[in-house]
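Subject: The structure, and what turned up in it

Hi,

Here is the structure I promised to pass on. Have a look at it first, and then read on for my notes.

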Amino acid sequence: MKAEAHFIAKEDGVIAGISFAEMIFNEVDPSLKVEWSQKDGNYVHKGMQFGKVYGCACSIIVAERVALNFMQRMSGIATLTKVAFHVSTNIPWSFFQPQSE
């Protein structure tokens, strides 16, 4: 059975681990297709869709938990690193956040 799953940010922060997630999906099933609308280091807002994977539903289910666990951990570290940099340089946090159009 074919399926499509979306990556949606659970909170505001810096995205990280995209290439690692691709490796995990490819290792589980090379026929899975992964697409990203953001890159590592980009700022994402809560609720924002930043990628999707499609292919065999069973393969997606097997890989998604591992990929998401790593991405959540890596994104948390990237976000805290950016905050620490902001604090150490006295650059306003708003400088790092993209402005709404």
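In which helix is Ser 75 found? Ser 75 sits in helix H2, and I will come back to that residue below. Before going further, please keep in mind that this is a predicted model.

**The overall layout**

The chain is built from 2 helices and 5 strands. Of the 101 residues in the chain, 32% are buried. If you take the contacts between residues at least 6 apart in sequence, 70% of them join residues at least 24 apart.

**How the strands pair**

Strand S5 (residues 49-56) pairs with S1 through 7 bridges, and these two strands run antiparallel. As an example from this pairing, Ile 8 has Gln 49 in S5 as its bridge partner. S5 is also joined to strand S3 (residues 33-36), by 4 bridges and again in antiparallel fashion. Here you can look for Lys 33, whose bridge partner in S5 is Tyr 54.

**The two sides of helix H1**

Helix H1 covers residues 18-28, and its buried residues are Ile 18, Ala 21, Ile 24 and Phe 25. These residues lie on the same side of H1 because they span an arc of only 120° around the axis. What covers them? The elements over the buried residues of H1 include S1, S3, S5 and H2. On the face turned away from the buried side, you will find the exposed residues Ser 19, Met 23 and Glu 27.

**The largest pocket**

The largest pocket holds about 440 Å³ of space. Its lining is made up of 21 residues, and those nearest the centre are Ala 9, Lys 10, Glu 11, Gln 72 and Ser 75. Strand S1 (2-8), strand S2 (13-14), strand S4 (43-44) and helix H2 (57-89) each give two or more residues to this lining. Which of them gives the most? That is H2, with 8 residues. By type, the lining of the largest pocket divides into 12 nonpolar, 5 polar and 4 charged residues.

**Back to Ser 75**

Is Ser 75 buried or exposed? Its relative accessibility is 12%, so Ser 75 counts as buried, the cut-off for that being under 20%. Leaving out neighbours within four places in sequence, Ser 75 is in contact with Val 14, Ile 15 and Ala 16. One of these, Ile 15, is 60 residues away from Ser 75 in sequence, yet the two C-alpha atoms are 4.9 Å apart in space.

**One more residue to look at**

His 45 is in the loop between S4 and S5. With a relative accessible area of 34%, His 45 is partly exposed. Along the chain, His 45 and Gly 13 are 32 residues apart, while 6.6 Å separates their C-alpha atoms.

Best wishes

Key. Residues are numbered from 1 along each chain as its sequence is written. This is a predicted model: local features need pLDDT of at least 70, side-chain atom pairs count only at pLDDT 80 or more; totals for chains, interfaces and linings use all residues. Side-chain values use heavy atoms; hydrogens and water are left out. On a 1 Å grid over the protein atoms alone, a cavity is a set of points where a 1.4 Å probe fits but cannot get out, and a pocket is an open set with protein on both sides within 12 Å along at least five of seven lines; lining residues have an atom within 4 Å of a point. Grid points are joined across faces, edges and corners, and a volume is the space filled by probe spheres set on the points. Ala, Val, Leu, Ile, Met, Phe, Trp, Tyr, Cys and Pro count as nonpolar, Asp, Glu, Lys and Arg as charged, and the others, Gly among them, as polar. Two strands pair if DSSP finds at least two bridges between them. Buried means under 20% relative accessible area, exposed over 50%, partly exposed in between (1.4 Å probe, protein chains only). The arc is that of the directions from the helix axis to the C-beta atoms. Contact means heavy atoms within 4.5 Å.
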